[in-house]
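Hello,

Here is the structure I promised to pass on to you. Please have it open while you read my notes below.

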Amino acid sequence: GCPALHTLNLYNCEGVTDVTALAGCASLHTLDLSHNEGLRDVSALAGCPALHTLKLSYCEGVTDVSALAGCASLHTLDLSHNKGLRGVSGRAGLVCTHPDLQGRHGVAPKSLWRSW
């Protein structure tokens, strides 16, 4: 991994389909994966203990973020414009930015804001 990596911006990188290489990035604080439609699985990010801010807007291939519930440092999660998102479970203290998920099947918007 990259033990000193703090911030990574992979916004709109067409080839990003796998983030398992980031699992060992112990200092990763901010990660922007927005607009990567080929991305499907973000469960490897659960191995980033310092992850504080994660942007997954317009990552419509991501349908499950339940593995991120174990990310104790995760404070801000942008899930906007992800129509296929299902099964978000709760954790206290998480702030979901752009909470436009009301009406999505299997997603409770209030739990995204206050009780990840």
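What follows is a short tour, from the whole chain down to a few residues.

First, some ground rules: this is a predicted model, in which local features need pLDDT of at least 70, side-chain atom pairs count only at pLDDT 80 or more, and totals for chains, interfaces and linings use all residues. Residues are numbered from 1 along each chain as its sequence is written, and side-chain values use heavy atoms, leaving out hydrogens and water.

The protein has five strands and one helix, in the order β-β-β-β-β-α along the sequence. Both come from DSSP runs (helices H or I, at least four residues; strands E, at least two), numbered from the N terminus. Of its 116 residues, 38% are buried, meaning under 20% relative accessible area with a 1.4 Å probe and protein chains only; exposed is over 50%, and partly exposed lies in between.

Asp 32 sits in strand E2 (residues 30–32). Asp 32 is buried without a salt bridge (a side-chain nitrogen of Lys or Arg within 4 Å of a carboxyl oxygen of Asp or Glu). Its nearest side chain of opposite charge, Lys 55, is 4.6 Å away. Beyond neighbours within four places in sequence, Asp 32 has contacts (heavy atoms within 4.5 Å) with Leu 8, Asn 9, Leu 10, Tyr 11 and Lys 55.

Two histidines are also worth a look. His 35, in the loop between E2 and strand E3 (53–55), has a positive phi near 60° and is partly exposed at 27%. His 81, in the loop between strands E4 (76–78) and E5 (95–97), has a positive phi of about 60° and is partly exposed at 34%.

Best wishes

Technical notes: Lys and Arg count as positive and Asp and Glu as negative; His and the chain ends are not counted.
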